[in-house]
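Subject: Structure handover

Hello,

I am passing the structure below on to you. My notes on what was found in it follow directly after.

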Amino acid sequence: MTCDGGLLSPADVDLHAEAVAAYVHIPFCSAVCPYCDFAVVAGADEQIGRYIDGVLAEIEMSPRWRQLDSVYFGGGTPSHVDPAHLRRILDTLASHHGLADGSEISVEANPEDFGPDRASELIAAGFNRVSFGAQSFDGAVLARLGRRHRARDIEASLASARTAGFENVSMDLIFGTPVESDESWVATLRKAVALEPDHVSCYALTVEPGTPLHREVKAGAAAPDPDTQADRYETAEQVLGEAGLGRYEVSNWSRPGHESRYNLTVWAQGEYEAYGNGAHRFVDGVRSHNVRRLDAYLGRIERGERPISGSEPVRGWDGEVDRLFVGLRRSAGVGPGPGVDALLGSRGGDLLRHAGVIDVREGRLVVTRPLLTDEVHRQVLDLRPPQGWVDAPERDNL
Amino acid sequence: MTNQARIRNFSIIAHIDHGKSTLADRLLEMTGAVDARDMREQVLDTMDLERERGITIKAQTVRLTHRDEGGEEYVLNLIDTPGHVDFSYEVSRSLAACEGALLLVDAAQGVQAQTLANAYLAVEAGLEVIPVINKIDLIAADPDRVATEITNVIGGSAEDVARISAKTGEGVEGLLQRVVGLIPPPSGDPEAPLRALVFDSYYDAYRGVVCYVRVVDGRLRSGFKLKFMATGETHDAAEVGVLTPAAKPVNVLEAGAVGYLITGVKEIDRIKVGDTLTDAGSPALEALAGYAEPKPMVFSGLFPTDGDDFERLREALEKLRLNDGSLMWEPETSRALGFGFRVGFLGLLHMEIVRERLEREYDLDLVATAPSVAYRVTMPDGTIREIKSPQDLPDPGSRGDISEPYVRAMILTPSDYVGPIMELVTAKRGEMGNMSYLSPERVELDYRIPLSEIVFDFFDLLKSRTKGYASLDYEADEYRTADLVKVDILLNGQPVDAFSAIVHRDKATDYGTKMTGRLRGLIPRQMFDVPIQAAIGGRIISRETVKAKRKDVIAKCYGGDVTRKKKLLTKQKEGKKRMKMVGSVEVPQEAFVAALRVDDDM
Ligand SMILES: Nc1nc2c(ncn2[C@@H]2O[C@H](COP(=O)(O)OP(=O)(O)O)[C@@H](O)[C@H]2O)c(=O)[nH]1
Ligand SMILES: [Mg+2]
């Protein structure tokens, strides 16, 4: 299942439902950014070796599966640990599940950790896609975000990646930080596209509960303004579009054929395994997740137990609602189904349609005002099955 | 058995806060009705709200025993009265059971509006009025000036005005002597057929309806078969007794006595306050003069925030009515607020108290619509229709004149503030009547003002323009035609019934602008622009817009986020379900409450 060449067609996005993927969580960072609410740790590098062993053990404990079409190493900061560790994990995944030919193997990296040596080691380990946490090219914004790199580190790390042989390079940007101006955001976008990334993700800065940023805002620090963020989003659409990057999900743009296959699998309701503390998976119609605390995770693994701490079956009607939930963030929207009918037949769906938030195009339900996607999602999550609906009996697993 | 010559029935009447409850406490204490040990402040104010707000809502009654210097024992029945204008009908009820009244006036504040209103009621009822200046212990007390004010109102000479401190007890003993000496004893005929006045009633969860009665002629004996002359019902006197203040059963209440009666009746509306009781076996020929039933003056829609609470609200209103016969309601449906009741109140304080009791004692969450008065509309066929809710006002095309209730307002003020008050009254469409000086510094002003203006904010404005020195009392007056219009508020083109109001044409734009401005701040941004308009008929008189929201989306939703984001969004959805849909606009419950609050800028 390759998506080479041409725009991503609706048929292609749905093919990803058949793909299988794996996520590997690397929680270690040199410092924790003030806006981050992921399962991360800083200053715990002495635990890295033990953690990698844990992840290897978790992989061995998990049932053997089909060959993986994509693997994604996220964090935390995977580039913060020795590539040799990442290689051991990748090798174990390959021997336990198998890797499909031409599979996409992604790693997240921070510009400050990423030089020519690191790049080559990652290529040698088997990675073929790298995603940089660039965030901004404005020094003031980077400082406000607590980032430890400068604009020129981004250029250097992208150059290293290209030289080492990464043909698929992505970059994350954050917009709407209160110290950012319209001009500085345009400049960031221009500098980003000048480096010719294959893929760009743009995220509105979000004040997540429990983060240092949240505490600062509660104490009176400036909060991101949603209207300003809407303006910036529209600017991104324009600048990235002009550079040949098409938006295929609310926050993701790519050159044709360079969409993140791992993410497309998730959004097509394809299955994915997951390893590491706080990691989430979707296997056999059940969404489940691991314990979030690093010590608790290691404790469970070392006692020989799988570290799962919670699960949500999404079968039958729930599965249909879930399909819309994950699928509607894509520009291609979702294909027909009872959930789509239910939404279009509901009063809420009617309102959404009248407000120009959703539409039916070529038989697919699409969100036409992506900045209001949550309005659609709240409605979707509230959908009830049509009268007479019976959840199909569970298939035997295996 | 007490000889009538040894009975004195009296009330204390006063402007609010002049010390009625405190004086009652002293009297109870000095006559030994309540042990000094058991004494807690304001013994007669039993309702929680009365204690908290320091106002007397329900009249209470108590039997005191007083021994004069010569050792003669007297029974003094003290019938407490409420001090607020909303409850003046209760004052007249209490007065009907008495031969005399203590007119209590604060030594610093002097005569106030309710002092006058109550004094007139007592004089009209033919009672012996004993003027009393209270709070002489205050540094600011000016009893000589106050004595002049009082004699200007009720006549008599300044020397006849008693001077006391209910707080310290000074002069209270002497006051008891005046009660005995000046108030005439009851003069009914103990041998005539029974006639007793029901002057109050309340509901007791165990005993059913308890009536407060004043026996005028004959004897009320426990076990009697009684006839209620107005309703025609007959009931047995299951128990009669006196209040000391604890209820104490007795075999018989003689002519002149005040006490209570329990018949076993459970439904309060079967007993009519003001009715005359007689002996079913040998009934009296003529009933005692009753009194007019209180008429609600102010109406407001009460809606449960949670539609499922409608039945609970009905039950709560029914329970409240057990102790408050003046409470009236009918079901009302609002497109915006769902099912509720249009409730009639005696006044604004009454409205506030009822609402608070419903929320507090019955644990209800309510939205109350803006208070309105009862308008009279002449229909094309010449009939007159009463309109208590703006929703019910027919279109201008299908109705004739509208008239609105006026009140006769009595304002007492230091003379310095006459100017500002006249300005205010003019702005409120009032009409100036007499002006008379109680003393060189104090003036009584007499006005006719539309009740709707009083209901709106008149009292607060009066207080703020006179630094709190002016006082107001009013009574219903005639209806007058006026150029009244209905102002509708439209959200996204749809009228929201709950926000409609009937106002004078000259004030319509004002109301419209304020309401649309408020709502703009209260309605959250939606997926589209929401115009908020005020309109008279089809004509828009003001407009605001809630701009469409532009961004409502989670930045990231990847494999690790699905379950968490679903939970977050589901929770948000639950929050939204508590909003009311007005057409396609989501309006938070709080917006109704806040928009309809009659405060600060309105
Ligand atoms: N200094 C002083 N204060 C008094 C006196 N009588 C009452 N008060 C106070 O005046 C306030 C109002 O009294 P209250 O009996 O509740 O008045 P009511 O509203 O007429 O029942 C209370 O704070 C009393 O304590 C008095 O003789 N002297
Ligand atoms: Mg009181």
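G76(A) sits in the loop that runs between β4 (68-75) and α3 (83-96) of chain A. The bond between G75(A) and G76(A) is a cis peptide, with omega at about 15°. Most peptide bonds are trans. Please keep in mind that this is a predicted model.

Backbone: positive phi in chain B

Most residues other than glycine have a negative phi. D363(B) is not a glycine, yet its phi is positive, at about 55°. D363(B) lies in the loop between α8 (348-361) and β20 (366-368) of chain B. Is D363(B) buried or exposed? Its relative accessible area is 61% and the cut-off for exposed is over 50%, so D363(B) counts as exposed.

R429(B), also a residue other than glycine, has a positive phi near 65°. R429(B) is placed in the loop between α9 (418-427) and β24 (431-439) of chain B. The relative accessibility of R429(B) is 17%, and because buried means under 20%, R429(B) counts as buried.

Helix packing in chain A

Helix α13 (residues 338-345) of chain A packs against helix α14 (residues 347-354) of chain A at an angle of about 75°, and their axes are 5 Å apart. Angles of 65 to 115 degrees count as roughly perpendicular, so this description applies to α13(A) and α14(A). On the α13(A) side the contact is made by L343(A), L344(A) and G345(A), and on the α14(A) side by R347(A), G349(A), D350(A), L352(A) and R353(A). Sorted by class, the contact of α13(A) with α14(A) has 3 nonpolar, 2 polar and 3 charged residues.

Nonpolar cores

The largest nonpolar core has 76 residues. Which residues have the most contacts inside it? They are V376(A), V487(B), L491(B) and F592(B). Helix α12 (residues 316-327) of chain A gives the largest share of this core, 5 residues. Leaving out residues up to four places away in sequence, V376(A) touches L328(A), L343(A), L352(A), V357(A), I358(A) and V367(A). Of these, L343(A) and L352(A) also take part in the contact of α13(A) with α14(A). Another core, of 65 residues, lies apart from the largest one; among its residues are F73(A), W185(A), V239(A) and L240(A).

Domains of chain B

The domain assignment divides chain B into domain 1 (4-182), domain 2 (195-233 + 260-279), domain 3 (298-375), domain 4 (401-482) and domain 5 (485-596). Taken over C-alpha atoms, the centres of domain 4 and domain 5 of chain B are 37 Å apart.

Regards

Conventions. Residues are numbered from 1 along each chain as its sequence is written. Chains are lettered from A and ligands numbered from 1 in the order in which they are written. This is a predicted model: local features need pLDDT of at least 70, side-chain atom pairs count only at pLDDT 80 or more; totals for chains, interfaces and linings use all residues. Side-chain values use heavy atoms; hydrogens and water are left out. Axes are lines fitted to C-alpha atoms, for helices over the stretch in contact, and angles run from 0 to 180 degrees between N-to-C directions. Helices (H or I, at least four residues) and strands (E, at least two) are DSSP runs, numbered from the N terminus. Angles under 35 degrees count as roughly parallel, over 145 as roughly antiparallel, 65 to 115 as roughly perpendicular and the rest as oblique. Contact means heavy atoms within 4.5 Å. Ala, Val, Leu, Ile, Met, Phe, Trp, Tyr, Cys and Pro count as nonpolar, Asp, Glu, Lys and Arg as charged, and the others, Gly among them, as polar. A nonpolar core is a set of buried Ala, Val, Leu, Ile, Met, Phe, Trp, Tyr and Cys residues joined through side-chain atoms within 4.5 Å. Buried means under 20% relative accessible area, exposed over 50%, partly exposed in between (1.4 Å probe, protein chains only). Domain bounds come from an automatic or database domain assignment.
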